[in-house]
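Here are some notes for a colleague who is reading this structure for the first time. Please keep the sequence and the 3D view open while going through the points.

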Amino acid sequence: MALTSVNISTNPFEGQKPGTSGLRKKVKVFMEKHYTENFIQCILNALGDKVKGSTLIVGGDGRYFSKQAINIIIRIASANGVAKLVIGQLGILSTPAVSSLIRNHKVLGGIVLTASHNPGGIRNDFGIKYNIENGGPAPDHVSDAIYDHTKKISEYKFTPKLETDRLIDILGTTTYNVDGHDFVVEVIDSTADYVALMKQIFDFHKLRTLIRGTDKRPPFNVLIDSMNGVTGVYVRRIFVDELGASPDNNVCRIVPLDNFGEIHPDPNLTYAKDLVDKVKANSTYDLGAAFDGDGDRNMIIGKNAFFVTPSDSLAVLANNLECIPYFKENGIHGFARSMPTAAAVDRVAAKLGKEMFEVPTGWKYFGNLMDAGRLSLCGEESFGTGSDHIREKDGIWAVLAWLSVIEHKNMSVEEILKEHWGIYGRNYFTRYDYEECESDAANQLMEHLEKLINSDTLVGKSYTAIGKTYKISKADNFSYVDPIDESVAKNQGIRILFEDGSRLIYRLSGTGSSGATIRLYIDSYEKDNVLSDAQVMLKPLVEVGLEISQLKKFTGRDAPTVIT
Ligand code: VG1
Ligand code: CO
């Protein structure tokens with residue numbers, strides 16, 4: 001059927017500025033008339049001439065409002081001259097799967113429908129994020145261009161008669177004629193491409209043997225928790241179908257729900273408490289793992305819920321990559337971490353003689369280094385780990401990498417960590433989050449800190465708490481120059497560094513949908529004292545951090561909402 005597009009008048013909405021990872025707002029905001037349409041049109045406007053005749057990947061974590069958003073994308077993309085949309089069935093694609101598809105199909109980019117670890121459902125959050133042709137999140141200059149368009153948009157293009165009802169439910173290709181050109185919608189299996197990629201990277205035969213056990217080795221008993229997020233479909237295909245895990249005992253919450261079952265799909269000790277409790281209660285579990293809503297984050301715990309910090313996880317993987325076929329073939333180039341992430345991996349890089357990079361928070365900052373062949377493995381303290389196999393962090397990849405290391409070393413999670421600390425010493429790390437503070441209060445706190453670091457008296461000053469004294473050696477607001485394209489990212493977090501190497505970092509979150517979340521990162525290194533409780537070890541430094549920032553005075557908060 002020949003279809004015709006129309007131009008629809010609209011007005012700009014305030015605040016359509018992409019944050020750390022795309023635009024995130026309450027569902028009801030995205031539901032406002034023209035709101036989602038405007039943002040999609042602005043993505044295409046920012047891409048300019050490249051849009052005509054292009055192919056885009058579309059999918060997300062299946063949260064509430066995804067289907068409506070996909071229908072809007074189909075109608076707007078077709079009207080803008082996009083040649084083809086490749087869409088995950090039912091709109092389901094994990095963030096790592098989108099990244100992989102963009103790269104495999106060599107297309108212009110992808111639109112990811114997710115607010116990641118933020119809660120979903122009609123009362124909660126939705127999100128839209130654009131990924132560029134390398135498969136990674138849009139870099140700042142692309143997000144800035146999108147934002148500029150949102151401030152001046154006056155109309156969007158739309159194909160009103162394009163029938164999208166149930167289109168994405170069934171696999172297959174449909175061709176339309178819009179304004180005289182072909183427009184194709186291909187609905188693909190959500191998992192096939194990603195599963196094939198994992199099979200290239202890892203030795204599935206070895207991993208299956210680990211999970212099933214042999215005459216000489218009992219089965220390695222895992223509990224993989226998808227937290228009702230998108231990874232459920234991938235977990236079933238990979239862990240159950242391919243690796244032989246039990247659908248009853250080794251996996252849980254693997255049916256994606258559009259409200260994540262009313263939980264916060266964020267894999268940390270607070271929000272993944274269910275998993276922690278199950279692993280604690282059943283001492284036959286050797287490893288527990290959880291993912292966030294869109295499948296790019298991971299949490300790893302060992303027997304009895306022995307917790308692996310993401311900073312340590314990164315360092316352990318860096319130290320053992322050679323047991324993974326992908327790295328044997330492709331070599332191991334540099335390592336990187338986001339600035340607030342503890343520096344455990346830096347020690348591994350130094351020992352192995354690899355380049356090491358420290359970038360601002362957000363996966364988009366790793367992409368250029370990977371494209372330039374200088375970065376193989378990287379991570380963030382926020383439960384993100386990944387490699388240059390794609391340009392997003394990758395939760396399932398991280399668990400398969402851990403299982404590869406465990407299979408290779410034939411040691412438990414805890415033994416591996418303790419061995420690692422024995423060699424390198426330990427970076428104790430914790431993060432305090434104060435969620436949904438008043439924006440004004442949070443801004444005042446940051447202004448207070450900014451003033452402090454610019455005063456002449458801070459460096460050299462000592463603070464004492466619970467019998468420990470820390471002397472400030474340096475203080476700044478982190479800024480980063482990308483070594484590849486020399487773009488500059490300023491104001492990426494206040495850092496207070498102490499003479500003994502300890503650090504305090506303060507940032508405001510860029511992924512929330514309302515209010516402000518203050519993050520306080522606390523990090524200190526011990527060469528020999530490696531077996532203490534992290535919360536006990538870091539308590540004095542936490543106190544110092546609260547005193548310096550006057551957090552209680554500004555926010556009225558006595559305690560953080562989440563500690564990781
Ligand atoms: C948080 C994390 C950051 C991560 C980002 C996206 O950002 O701190 O490390 O890259 O979320 O993760 P912020 O600005 O709130 O601190 V995801 O899994 O929500 O896309
Ligand atoms: Co995520």
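Which residues are the protein donors of the cobalt ion (ligand 2)?

1. The protein donors are Ser116 (OG), Asp292 (OD), Asp294 (OD) and Asp296 (OD), and they lie 1.9 to 2.1 Å from the cobalt ion (ligand 2). A donor here is an N, O or S atom within 2.8 Å of the metal (3.2 Å for Na, K and Ca), and because water is not among the atoms, sites may look incomplete.

2. This is a predicted model, in which local features need pLDDT of at least 70 and side-chain atom pairs count only at pLDDT 80 or more, while totals for chains, interfaces and linings use all residues. Residues are numbered from 1 along each chain as its sequence is written, chains are lettered from A and ligands numbered from 1 in the order in which they are written, and side-chain values use heavy atoms, with hydrogens and water left out.

3. Along the sequence, the donor residues of the cobalt ion (ligand 2) follow the spacing S-x175-D-x1-D-x1-D. Distant parts of the chain are linked in this way, since Ser116 sits in the loop between strand E6 (109–113) and strand E7 (125–131), whereas Asp292, 176 residues apart from it, sits in the loop between strand E13 (287–291) and strand E14 (298–302). Strands (E, at least two residues) and helices (H or I, at least four) are DSSP runs, numbered from the N terminus. Both Ser116 and Asp292 are buried, where buried means under 20% relative accessible area, exposed over 50%, and partly exposed in between (1.4 Å probe, protein chains only).

4. Strands E6 and E7 run antiparallel and are joined by four bridges; Gly110, for instance, has Asn131 in E7 as its bridge partner. Both strands belong to an open sheet of eight strands with mixed pairing, in the order E1-E9-E10-E5-E4-E6-E7-E3. Its edge strands, E1 (2–3) and E3 (23–26), each pair on one side only, and two strands count as paired if DSSP finds at least two bridges between them.
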